[in-house]
Amino acid sequence: MNDTRRSILESLADGPVSGPTLADSLDVSRAAVWKHVEGLREDGFEIESGPDGYSLAGIPAYNGPAIEYGLEAPFSVEYHESIASTNARARELAADGRSDVAVLADEQTGGKGRLDREWSSPSGGIWVSILCRPRVPPARAPLYTLAAAVATARTAREAGIDARIKWPNDVVVPVAGDDLEGADDEQVSGDGSYRKLSGILTEMEGETDRIQWLAVGIGINANFDASEVPAGSTTLREERRRRANGGRHENGNENESHEDVDRRLFVQRLLEEFHTLRTDLERVVPAWRELTLTIGQRVRVELPDETVVGEALEITEYGGLVVDDDDAGRIMVSAGDCTHLRPV
Ligand code: BTN
């Protein structure tokens with residue numbers, strides 16, 4: 001959103017302001033004010049004209065300008081109702097030399113998950129890829145993925161969900177022992193099972209000493225029912241319903257529910273948290289440790305040509321997982337598919 005439009009919205013938020021007053025304070029013509037007001041209306045802002053001037057009566061529920069308005073982080077937002085994959089779009093923007101763009105979609109028709117899996121992305125979710133160009137060596141790239149996991153978990157916690165992190169970057173919700181419906185049998189933490197709320201797929205290009213660009217793709221199951229995503233997954237709507245029903249799961253039949261999160265505010269907080277962490281990378285791993293369920297768990301980590309099974313001991317400064325493998329002893333794994341197992 002350009003600065004003049006942002007200033008107009010900020011002025012109108014405090015009450016009606018006349019066109020001439022806006023023109024004077026912004027040092028533009030009255031015709032330019034009128035044009036900007038029309039532009040903002042086209043973006044979905046409800047701007048009323050009354051005897052005292054213009055006033056802001058409503059903000060669009062979920063689109064690019066709505067998220068940019070009031071966002072306290074330096075990202076522009078490119079919004080799509082429907083797109084194949086926000087990560088694929090971020091790649092195109094990277095090829096055009098862009099940076100600090102959040103590509104956001106209501107629905108993805110070809111969402112990509114880790115390990116070349118498909119990622120179900122129905123309408124109502126939060127599907128976002130953050131494109132940036134950090135000036136750090138590629139070895140530090142995993143910190144951006146961990147930062148995204150921390151940002152997602154923190155934002156979900158602000159929305160009332162007990163979100164935690166499973167190494168390396170799944171955001172999950174622990175399941176109480178008497179509430180196992182919808183949780184995969186094998187997914188077991190010390191406190192019970194877990195359901196997956198969000199996954200992250202980071203793609204990048206760079207040389208040995210420098211990252212060229214990095215796109216952190218975050219998928220958050222938000223305002224739809226868990227029946228639309230694979231078994232073992234959950235959604236923000238589902239978890240908020242569960243909480244409202246005192247832990248019991250009750251199906252809702254509506255397309256919209258009063259348990260839905262405000263996706264505009266959610267994405268704003270997510271981008272702000274991610275920005276705070278990316279500007280202070282030293283804080284990422286300590287913040288991740290505070291939120292993880294994995295350390296101390298018995299885990300199985302699938303690597304391309306071996307499987308590690310043992311106790312998860314710690315996370316290294318760049319996000320690798322140290323496991324006390326049953327056969328090989330202490331091993332550090334930097335990437336892989338991790339499942340928490342029942343204790344032996
Ligand atoms: C995983 O397998 O857990 C990672 C899933 C990542 C999905 C997100 S949704 C936004 C972005 N666009 C994609 O196509 N994938 C990522």
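**Figure 1. Serine 85 in the predicted model.** In this predicted model, serine 85 is buried, with a relative accessible area of 5%. That value falls under the 20% relative accessible area below which a residue counts as buried. Serine 85 is placed in the loop that runs between strand E3 (76-83) and helix H5 (86-95). A polar atom of its side chain lies 3.1 Å from the backbone nitrogen of alanine 88. When neighbours within four places in sequence are left aside, the contacts of serine 85 are Gln108, Gly110 and Lys112.

**Figure 2. Surroundings of the ligand.** The ligand is surrounded by 19 residues, of which Ser85, Gln108, Lys112, Arg114 and Lys196 are the closest. The side chain of serine 85 places an N or O atom 2.8 Å from an oxygen atom of the ligand. In the side chain of threonine 86, an N or O atom is 3.1 Å from a nitrogen atom of the ligand. Lysine 112 takes part through its backbone, with an N or O atom 2.7 Å from a ligand nitrogen atom. Of the 420 Å² that the ligand exposes when taken alone, the protein buries 98%.

Figure 3. Val33, His36, Val37, Gly39 and Leu40 are the buried residues of H3. Viewed down the helix axis, these buried residues fall within an arc of 160°, and they therefore line one face of H3. Their cover includes helix H1 (3-13), helix H2 (19-26), strand E1 (46-50) and strand E2 (53-58). On the face turned away from the buried side, H3 carries the exposed residues Ala31, Trp34, Lys35 and Glu42. Just after the helix, glycine 44 adopts a positive phi of about 105°.

**Figure 4. Helix H8 and its N-terminal cap.** The 16 residues of helix H8 (residues 263-278) should span 22 Å at 1.5 Å a residue, and the end C-alpha atoms, 22 Å apart, agree with this value. Because 13 of the 16 residues are buried, H8 is largely enclosed by the rest of the structure. The N-terminal end of H8 is capped by aspartate 262, a side-chain oxygen of which lies 3.0 Å from the backbone nitrogen of arginine 264.

Definitions and conventions. Residues numbered from 1 in each chain as written. Predicted model: local features only at pLDDT ≥ 70, side-chain atom pairs only at ≥ 80, totals over all residues. Heavy atoms only, no water. Buried < 20%, exposed > 50% of the residue type's maximum accessible area, 1.4 Å probe, protein only. Helix = DSSP H or I, 4+ residues; strand = E, 2+ residues; numbered from the N terminus. Arc of directions from axis to C-beta. Contact = heavy atoms within 4.5 Å. Near = heavy atom within 4 Å. Polar contact = N/O pair within 3.5 Å; in protein donor to acceptor, adjacent residues only side chain to side chain. Areas by Shrake-Rupley, 256 points an atom, 1.4 Å probe, with all protein chains shown as cover. Expected span 1.5 Å × (residues − 1).
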